[in-house]
Amino acid sequence: MKMNYSKDFVERVKKALPQETDLHKHLDQGDEIVGRYLDDMSSRITVNKAKDELYGEWLEFRRAGKPIPQDFIERVKKIYPKAKSLHESLVQGKDIAGRMLDDMRYEEHNDRKLTALYIEWQTMYREMLQQKGLLR
């Protein structure tokens with residue numbers, strides 16, 4: 001069955017996954033397989049090694065009950081130069097810094113956006129099935 005993807009949806013998917021030319025083709029053709037692509041890609045989690053190591057170090061400091069060393073804070077500032085609230089949280093010894101480091105260690109492509117696009121696709125697919133009388 002063919003799907004009638006909105007222009008907005010197609011543009012957002014292509015923007016989120018610019019390198020996935022096969023997916024673009026399927027989007028343009030209204031293929032159902034788009035959902036499989038989005039599901040697979042939303043579950044792929046890629047962690048940046050250097051960022052992951054920083055997070056691991058932070059965990060070690062917290063588990064040992066040690067204060068965050070200044071050299072660690074400086075390394076964080078180099079890797080995350082624009083994350084001012086992270087810098088402040090580290091300086092103040094706030095636990096939220098760990099959550100920030102955890103969230104920020106993933107690669108640039110945003111898995112949450114892909115998950116949201118997949119959920120949107122599921123909704124469109126269910127509506128199409130209902131319209132065709134294939135789903136109650």
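**Notebook: salt bridges and a helix face**

I began with Lys49, which is exposed at a relative accessible area of 60%. I kept in mind that this is a predicted model.

Next I looked up the partner of Lys49: its side chain meets that of Glu53 in a salt bridge, 2.5 Å from N to O. Both sit in helix 4 (residues 49-64), and because they are four residues apart, about one helical turn separates them. Glu53 has 42% relative accessibility, so I noted it as partly exposed.

I then asked how many salt bridges the structure holds. The count came to 13.

One of them joins Asp31 to Lys2, with the closest N and O atoms 2.7 Å apart. I liked this pair, as it links distant parts of the chain: Asp31 is in the loop between helix 2 (21-29) and helix 3 (34-43), while Lys2 is in the segment before helix 1, 29 residues apart. Asp31 is buried at 12% relative accessibility, whereas Lys2 is exposed at 54%.

Over in helix 7 (residues 96-104), I found Arg99 and Asp102 three residues apart, about one turn of the helix. Their side chains form a salt bridge of 3.5 Å, N to O. Arg99 is partly exposed at 46%, and Asp102 is buried at 12%. Salt bridges with shared partners tie Asp52, Arg99, Asp102 and Arg105 into one network.

Last, I turned to helix 1 (residues 7-16), where Phe9, Val10 and Val13 are buried. Viewed down the helix axis, the buried residues fall within an arc of 100 degrees, so they line one face. Lys7 and Lys15, on the other side of helix 1, are exposed.

Key:
Residues numbered from 1 in each chain as written. Predicted model: local features only at pLDDT ≥ 70, side-chain atom pairs only at ≥ 80, totals over all residues. Heavy atoms only, no water. Buried < 20%, exposed > 50% of the residue type's maximum accessible area, 1.4 Å probe, protein only. Helix = DSSP H or I, 4+ residues; strand = E, 2+ residues; numbered from the N terminus. Arc of directions from axis to C-beta. Salt bridge = Lys/Arg side-chain N within 4 Å of Asp/Glu carboxyl O.
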